Amino acid sequence: MSGRTVNSAILLLVIGNALALISDVFIKLLEPGSPVFQFVFLRCALTLALLVPFWRYIDTGRLFEGLGVHVLRAHVHLVGVVCMVLALGALPLATANAIFYAAPVIVMVLSVILYGEKLDGRSVFAVISGFLGIVVILRPVEVNWMALSALVMAATLAINALLVRKLPSGQSMVHKLFLTYLLVLPASGALMLWEGAEWDPSMLMSAAGSTVFILGYNITVLLAYRQVDASQVTSAEYTGLIWAVALGWLWFGETPDIWFLLGSSMIVVPLALIGLRQHKASRKRAALAGSNC
């Protein structure tokens, strides 16, 4: 599975999203009351250690270029990881992941605010439908701090996605990931010390499992998007919600209700339709270019 064809890239994304959900399962299996900041610090440290063997993909001559943006992205990421752990610990696996999928909707809104971009009719519909979908899933009577944590997680994903535009060109994914976890280590360590929890050996195994599987996801995404137009395959990312429902049912006995099914459809379907439209437009441009040769 090289990711060089559309079908292989889609398969990579399907597998990658399954790996990301297994990473979430490791988090959800944490015992109630587990030290959150200790887990987050261990996951950051282990991720950094696992990235060291890929040092050759890092431009050491420009290691800290764009440092300010990298520092901002790193600490936004830290907030997101903490909120993700809190949300997964309290919400059903599928519910938390459905809210995480609000990130592309938030990207659309922030791109208008920060970059002055214009949204077409379908994008506006996706934004409205997405936010209403979140309301349907959570329902006002069930909104709590953990549900808000899931929304903050989605917002951090959106912010970091937009901040990528501010990074220097030519930096590899490994370079970006390495700097993110290097720069976030002091803050995550300080939070762990502030938490003051006793050392829990089980945290190491949970953090290691979560780290390995989320890195697996990042690798599959890199392979999938490396040689195939993103618009052709990005809708495959939404299979993550199917994995979330399946794993939530198998591991935790969670059965999604009608509100979840309706709300998640309101979030995912408009985004998938936009992806399909982009795919068709990309194929049309390729066909026209071929006919002009």
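**A chat about the model**

A: Happy to! Let's start with Lys28 and Glu254, which form a salt bridge whose closest N and O atoms are 3.8 Å apart (a salt bridge is a side-chain nitrogen of Lys or Arg within 4 Å of a carboxyl oxygen of Asp or Glu). This is a predicted model, where local features need pLDDT of at least 70 and side-chain atom pairs count only at pLDDT 80 or more, while totals for chains, interfaces and linings use all residues. Residues are numbered from 1 along each chain as its sequence is written, and side-chain values use heavy atoms, with hydrogens and water left out.

Q: Where do Lys28 and Glu254 sit in the chain?

A: Lys28 is in helix α1 (residues 6-28), and Glu254 is in the loop between α11 (239-252) and α12 (258-292). They are 226 residues apart, so to speak distant parts of the chain that the pair links. Helices here are DSSP runs (H or I, at least four residues), strands are runs of E with at least two, and both are numbered from the N terminus.

Q: Are Lys28 and Glu254 buried or exposed?

A: Both Lys28 and Glu254 are buried. Buried means under 20% relative accessible area, exposed means over 50%, and partly exposed is in between, using a 1.4 Å probe and protein chains only.

Q: What else does the charged end of Lys28 do?

A: The charged end of Lys28 sits over the ring of Phe252, 5.6 Å from its centre. For that label, NZ of Lys or CZ of Arg must be within 6 Å of the ring centre and within 35 degrees of the ring normal.

Q: How many salt bridges are there in the whole structure?

A: The search finds three. Asp59 pairs with Arg62, with the closest N and O atoms 3.5 Å apart, and Arg62 also meets Glu65 at 2.4 Å, N to O. Through shared partners, Asp59, Arg62 and Glu65 are joined into one network.

Q: And how exposed is Asp59?

A: Asp59 is partly exposed, with a relative accessible area of 33%. Arg62 is partly exposed at 29%, and Glu65 is partly exposed at 34%.

Q: Switching to rings: how many aromatic pairs turn up?

A: Four. One of them is Phe54 with Tyr57: the ring centres are 6.5 Å apart and the planes are at 35°, so the pair is tilted. Rings of Phe, Tyr and Trp (its six-membered ring) pair if their centres lie within 6.5 Å; planes under 30 degrees apart count as stacked, over 60 as edge-to-face and the rest as tilted.

Q: Why does Phe54 count as partly exposed?

A: Because its relative accessibility is 35%. Tyr57 also counts as partly exposed, at 43%.

Q: Which residues make the nonpolar surface patch?

A: Phe64, Leu67, Val71 and Leu182, with about 300 Å². Val71 lies in helix α3 (residues 67-90) and is partly exposed at 31%.

Q: What about Thr180, which residues does it touch?

A: Thr180 touches Arg73, Ala74 and His77, not counting residues up to four places away in sequence; contact means heavy atoms within 4.5 Å. Thr180 is found in helix α8 (residues 173-195) and is buried, with a relative accessible area of 6%.

Q: Zooming out, how many helices and strands are there?

A: There are 12 helices and zero strands in the chain. Of its 293 residues, 47% count as buried.

Terms used:
Patches are made of residues with over 30% relative accessible area and no salt bridge: like charges are joined within 9 Å, nonpolar side chains (Val, Leu, Ile, Met, Phe, Trp, Tyr) within 5 Å. Accessible areas come from the Shrake-Rupley method with a 1.4 Å probe; for residues, only the protein chains shown count as cover.
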